[in-house]
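Follow the strands of this model, then turn to its rings.

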Amino acid sequence: MISAQQLSYAYKNNAPLLFPDLNCTAGEALLITGGSGTGKTTLLHLLAGLIRPKTGNIIIDGIDLNSLSEKKLDSFRGQNIGLVLQESHFVESLSVAENIQLASWLASGKKSSSLHGFLEQLGIGDQSHKLPSQLSIGQQQRVSIARALINKPRLLLADEPTSSLDDANAFAVADLLSELSKQSKTALIIVTHDQRLKDRFKNAISL
């Protein structure tokens with residue numbers, strides 16, 4: 001569902017970062033690990049189409065991201081790629097439900113009818129009316145997952161989704177991401193330095 005070959009990226013006045021080829025099919029999970037400065041977040045931004053590679057190609061569901069204009073790439077990302085970031089970046093004045101519905105509205109122009117059932121599945125159905133600041137860190141991460149998946153993306157990218165969580169919540173979030181990707185037949189790529197997750201995923205790449 002997503003493949004990348006011969007990717008590289010260069011920041012100004014720095015040597016280029018070179019990345020291994022990767023493939024991840026629908027419903028499959030891929031863990032990408034590496035220490036600080038290895039380019040984990042840069043790779044995630046490349047895969048999300050947030051930045052353009054210096055060399056190489058990224059193919060998502062048969063579409064080469066290099067072939068898309070910036071406008072078409074923005075539209076493609078909204079419809080096909082879900083992002084779970086280390087920092088949640090909620091609109092703090094909106095409730096949990098409103099934050100998630102905002103993501104649906106921006107991508108499709110309409111609200112999702114499956115929101116509350118989705119929140120129940122994530123174990124936060126009784127939190128929908130609260131502000132994000134009223135939730136625990138673990139609950140906020142579940143809201144981030146709901147927001148990323150509400151538009152049923154073909155690809156889910158998670159950047160350090162467990163680094164700020166204790167062991168119990170870290171494993172719960174990792175297992176939840178994996179299970180939801182299988183259920184929705186979404187390709188899942190987790191980029192992290194969290195070594196606790198290495199035994200959770202059989203498909204892994206180290207940078």
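Strands β8 and β9 (residues 187-192) run parallel, joined by 5 bridges. Within this pairing, A158 stands opposite I190 of β9. From β8 the chain passes through helix α6 (residues 167-184) to β9, a β-α-β crossover that is right-handed. Right-handed means that, with the strands pointing away from the viewer, the path from the first strand over the helix to the second runs clockwise. Strands pair here if DSSP finds at least two bridges between them. Helices (H or I, at least four residues) and strands (E, at least two) are DSSP runs, numbered from the N terminus.

This is a predicted model: local features need pLDDT of at least 70, side-chain atom pairs count only at pLDDT 80 or more, and totals for chains, interfaces and linings use all residues. Residues are numbered from 1 along each chain as its sequence is written, and side-chain values use heavy atoms, without hydrogens and water.

Strand β8 also pairs with β7 (residues 81-84), in the parallel sense, over 4 bridges. There I81 stands opposite L155.

Now the rings. R200 lies over the face of F171, at 4.3 Å from the ring centre. The criterion is NZ of Lys or CZ of Arg within 6 Å of the ring centre and within 35 degrees of the ring normal.
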